[in-house]
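This report describes selected features of one protein chain.

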Amino acid sequence: MGAPDTKIKETLGFQAEVKQLLHLVTHSLYSNKEIFLRELVSNASDACDKLRFEAIAKPELLEGGPDYAIRVSYDKAARTITVSDNGIGMSRDEAIQHLGTIAKSGTREFFAQLTGDQQKDTQLIGQFGVGFYSSFIVADRVTVISRRAGLPADQAVKWESDGSGEFTVEPAAREARGTDVILHLKEGEDELLSSWKLRSILTKYSDHIATPIRMKKEEWDKDKNDYVVKDEEETVNQASALWTRTKSDITDEQYKSFYQHVAHDFTEPLAWTHNRVEGKTEYIQLLYIPSHAPFDIWDRNQRHGVKLYVRRVFIMDDAEQLLPPYLRFVRGVVDSSDLPLNVSREILQESRDVKAIREGCTKRVLSLLEDLAENRKDDYAKFWSEFGQVLKEGVGDDPANRERIARLLRFASTTSEGAQSVSLGDYVARMKPGQKSIYYLTADTLEAAKSSPHLEIFRKKGVEVLLLTDRVDEWMLTFLHEFDGKPLASVAKGDLDLGELADAQEKEEQQKVADEYKELVGKVKSALGERVQDVRVTLRLTDSPACIVVDRDAMSAHLARLLKAAGQKAPASKPILELNPHHPLVQRLKYEEAKLADWAALLLDQAVLAEGGQLDDPAGFVRRLNQMLLDAAAK
Ligand code: ADP
């Protein structure tokens, strides 16, 4: 295959994911059909932003001048709607690339997630962002004529598709730089062929767009009994950057539609904060918390969703320096008055102004979350279920704000019925008299946590225990040692020290049983040999015969499993087996000298299983268990 001949018409296939997207868009977004205009205007405005930026270094790109505009028009006879802009435009290769493939990372994984359930998929696709492809909700053919700024007039491209599986590209001419998107409407969409209708959609969704959106004026003609289109144009939006307006002049609806534009998200934001920061570093921040996690929130390469402007000029998307990674779910705009227009990602990394902006934005987002947690509890619960795990990363990543983040954390606990709704503050307020520590248990699942033998004594004493089951928890706990002066203590680590929660009588009993079981414990320990670090009796258990714990400073069994699952080497730490002296099985041990080794092994194995752990020798466990059942049956 030689180089493609750019002089002829070529037919090309869409990337598989685009085909899927197109199918979904045309089949499930019909009830939201008006959004096509918002998406096209949004792209047109981005194209103007991009040119404004490129022209800083290359003013010759501006050709006719910097009079940026988006034009929306319709043709009743041809049944078309056209959205034009004089932005950056596209070359032939760019049109093939941008309008035939999806460049977002994680796209394939996203499409694999789709269920075929129309309603769910519509939600998902909204979060993914449909962009240009939303044209096909109302059009059965879309023609794009585009010329990249800087290319000669005869090197424009005409792209066309009916949205099924293929598109064509062919050479075209376009006098001015920029792009026309021409929608050939589907049967039954004629109501869109009206100035009034188009204006009302633009006002609803695109009023905040900073570039002027122009339409031809219309006048009522008595003789024709219809509107006639005049040659004169008028601007139909406010055409000033929304974030530069004063708060009191912006309605909630405008804030919301601006969010949909910057975040490429269909759904409404959960909350936002808009401030003009003055002082050493001056900037405006308009930051949003989305109501849903984007599909790629766990993608480590995911960029951050804040756009950087310098004195109203768009500089870059995804300016990751503006917020720390644990706030990567935030979307919005930062407009700096101090940075140079030719700022690059490299400069951003070193800039002191950027550092101040990052600190300022971080504080604002944390304040916004505190406000939600305090005053809009249901919304905070929503936030937490979508982004809680990401925020937890901040405990480790942002020591300066650790206290504040710790207050924002929410956990499941033995009193919360499984919901992650308990704050550390709530916990401390509920601590029993004499309770010194904040107790927690880590496990793979909530079910495993709830039925852990380690909780038995805490249930008996009515002491709340936090149940931590997110993957990030173990890592987070290595940074979170105390809260409000109270140490965090794992219920599965170290000697159980209930401190003043245990009364004198219990302490005395503990000593007594320890003496009483000394010999037996010694035998169990030598029977288990290398498998355990130690064996001891405990008052931790009420119902189970045995459990395992690790030393206070050792890695928990749960973390060791996580590391192993992630393919990392976990230092081998041997468990301590604790026996419940009140359990009949343990009491019987004294009289089972002959089978002591088997019984001890069974007790250890079941304690490992109860933790959610895996046995090194499962077949041995089964053999011993069966033997025990047979012995019991024979009696
Ligand atoms: P998104 O805007 O989310 O990137 P779209 O599917 O809407 O996704 O658009 C894909 C790409 O096509 C854009 O990123 C842009 O590069 C290009 N594009 C779309 N519309 C225009 C336009 N009017 N002018 C220049 N480029 C455009």
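## Packing of two helices

Helix α18 (residues 518-528) packs against helix α21 (residues 596-610) at an angle of about 80 degrees, and their axes are 9 Å apart. Helices here are DSSP runs of H or I with at least four residues, strands are runs of E with at least two, and both are numbered from the N terminus. Axes are lines fitted to C-alpha atoms, for helices over the stretch in contact, and angles run from 0 to 180 degrees between N-to-C directions. The two helices α18 and α21 are therefore roughly perpendicular; angles of 65 to 115 degrees fall in this class, whereas those under 35 are roughly parallel, those over 145 roughly antiparallel, and the rest oblique.

On the α18 side the contact involves L520, K523, V524, A527 and L528, and on the α21 side L596, A597, A600, A601 and L604. Contact means heavy atoms within 4.5 Å. By class, the contact of α18 with α21 comprises nine nonpolar residues, one charged residue and no polar residues. Ala, Val, Leu, Ile, Met, Phe, Trp, Tyr, Cys and Pro count as nonpolar, Asp, Glu, Lys and Arg as charged, and the others, Gly among them, as polar.

## Basis of the model and domains

The model is predicted: local features need pLDDT of at least 70, side-chain atom pairs count only at pLDDT 80 or more, and totals for chains, interfaces and linings use all residues. Residues are numbered from 1 along each chain as its sequence is written, and side-chain values use heavy atoms, with hydrogens and water left out.

The chain is divided into domain 1 (10-238), domain 2 (243-377), domain 3 (409-495) and domain 4 (501-634), with bounds from an automatic or database domain assignment. The C-alpha centres of domain 1 and domain 4 are 67 Å apart.

## Buried strand residues

H274 is located in strand β10 (residues 271-277). H274 is buried, at 6% relative accessibility; buried means under 20% relative accessible area, exposed over 50%, and partly exposed in between (1.4 Å probe, protein chains only). Its side chain reaches the backbone oxygen of W243 at 2.9 Å. Beyond neighbours within four places in sequence, the contacts of H274 include L242, R245, Y255 and L286.

V306, in strand β12 (residues 305-310), is buried with a relative accessible area of 1%. S413 belongs to strand β15 (residues 412-413) and is buried at 2% relative accessible area. The side chains of S413 and E464 make a polar contact (2.6 Å). A polar contact is a pair of N or O atoms within 3.5 Å; within protein, one must be able to donate a hydrogen and the other to accept it, and residues adjacent in sequence count only if both atoms are side-chain atoms.

## Loop residues

Most residues other than glycine have a negative phi. A239, which is not a glycine, has a positive phi of about 55 degrees. A239 lies in the loop between β9 (226-235) and α8 (252-263) and is partly exposed, with a relative accessible area of 25%.

R312 also is not a glycine and has a positive phi, of about 75 degrees. R312 occupies the loop between β12 and β13 (313-316), and is partly exposed at 41% relative accessibility.
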